[in-house]
Amino acid sequence: MPENSKIVITSNAERLAEKGAELMYNTAVEAIARKDSFAVAVSGGSTPRAMHRLLSQEPYRSDMPWQKTHFFWVDERMVPFDHPDSNYGAAQKDLMSMIPIPADQVYPMPAMMRPEEGADLYQAKLKTFFQGLGSLDPVFDLIILGIGTDGHTASLFPGQPSSQEPDRWVLSVKGGQPDVFRLTLTYAVLNSARHILFLVSGDAKAAVVKTLIEDRHAQLPAAKIQPLNGKITWLLDQKAASLLSEEIVADN
Ligand code: 6PG
């Protein structure tokens, strides 16, 4: 394991959500102590939803520093926010509608315009936000990523051209399940993060988790997540970690 990575294994999916909420809280408190704001980007899919629901309830509803939190998305399907496939729509239902976060600190990806335009618009929003913090780089305090069984992360899919331009922070792509147009943060953004949290649950992910953690030459999109000045936490439940070798788990 690279020295900037660590593995945390929980007994089940419920404990995974609890650990994820705890980690987000601790990262927020540390970021605000350091720079008086917390910038986080979250992925879609099903895994983060239990964590979002925990964050919407006490103690996090009151204890999280929502007033200084800025909530972005890692990717979005180009569907209406009230569509069941909308990542923002799910987070809105599970979390955003229940917490006292200022509306102008929640930045959904624009899903109802031409994909290229949406990518340019969100990229401009990101640049404005980080320049406002005095940073030319998109340094998120925390980015929460899922993993697909094919090794995708965000909406960066195997076999798809993904821009390596340092200046391209948001891409429009088509693919995944559902196979729709999407917006996604690029590796330039993901690898600028201070902390990447891979949140992975279930037996179906065990094989790809083993490949990504144990095969240094894995040619999968998620293997290209190598934060330049940040760290990676693999937060796995027992099932997702079930194929990891004993020495990897012991060394961790
Ligand atoms: C998306 C997600 C995607 C997700 C993985 C894991 O919008 O599709 O961002 O990258 O994180 O596919 O999804 P599950 O958590 O549903 O397994």
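**Strands and helices, question by question**

In this predicted model, strand E2 (residues 38-42) and strand E3 (residues 69-73) run parallel and are joined by five bridges.

Q: What makes E2 and E3 a strand pair?
A: Pairing takes at least two bridges, and E2 and E3 have five. The two therefore count as paired. As an example of a bridge, phenylalanine 38 has threonine 69 in E3 as its partner.

Q: What is the strand order in the open sheet?
A: The seven strands follow the order E1-E10-E9-E6-E2-E3-E5, and the pairing is parallel.

Q: What makes H2 and H4 roughly parallel to each other?
A: Helix H4 (residues 87-94) packs with H2 at an angle of about 30 degrees, the axes being 8 Å apart. Angles under 35 degrees count as roughly parallel, so H2 and H4 are described that way. Their crossing is right-handed.

Q: Which residues of H2 and H4 meet, and what are their classes?
A: From H2 come Arg49, His52 and Arg53, and from H4 come Ala90, Ala91, Lys93 and Asp94. By class, this contact has four charged, two nonpolar and one polar residue.

Definitions and conventions
Residues are numbered from 1 along each chain as its sequence is written. This is a predicted model: local features need pLDDT of at least 70, side-chain atom pairs count only at pLDDT 80 or more; totals for chains, interfaces and linings use all residues. Side-chain values use heavy atoms; hydrogens and water are left out. Helices (H or I, at least four residues) and strands (E, at least two) are DSSP runs, numbered from the N terminus. Axes are lines fitted to C-alpha atoms, for helices over the stretch in contact, and angles run from 0 to 180 degrees between N-to-C directions. Angles under 35 degrees count as roughly parallel, over 145 as roughly antiparallel, 65 to 115 as roughly perpendicular and the rest as oblique. A crossing is left-handed if the near helix is turned anticlockwise from the far one by less than a right angle, and right-handed if clockwise. Contact means heavy atoms within 4.5 Å. Ala, Val, Leu, Ile, Met, Phe, Trp, Tyr, Cys and Pro count as nonpolar, Asp, Glu, Lys and Arg as charged, and the others, Gly among them, as polar.
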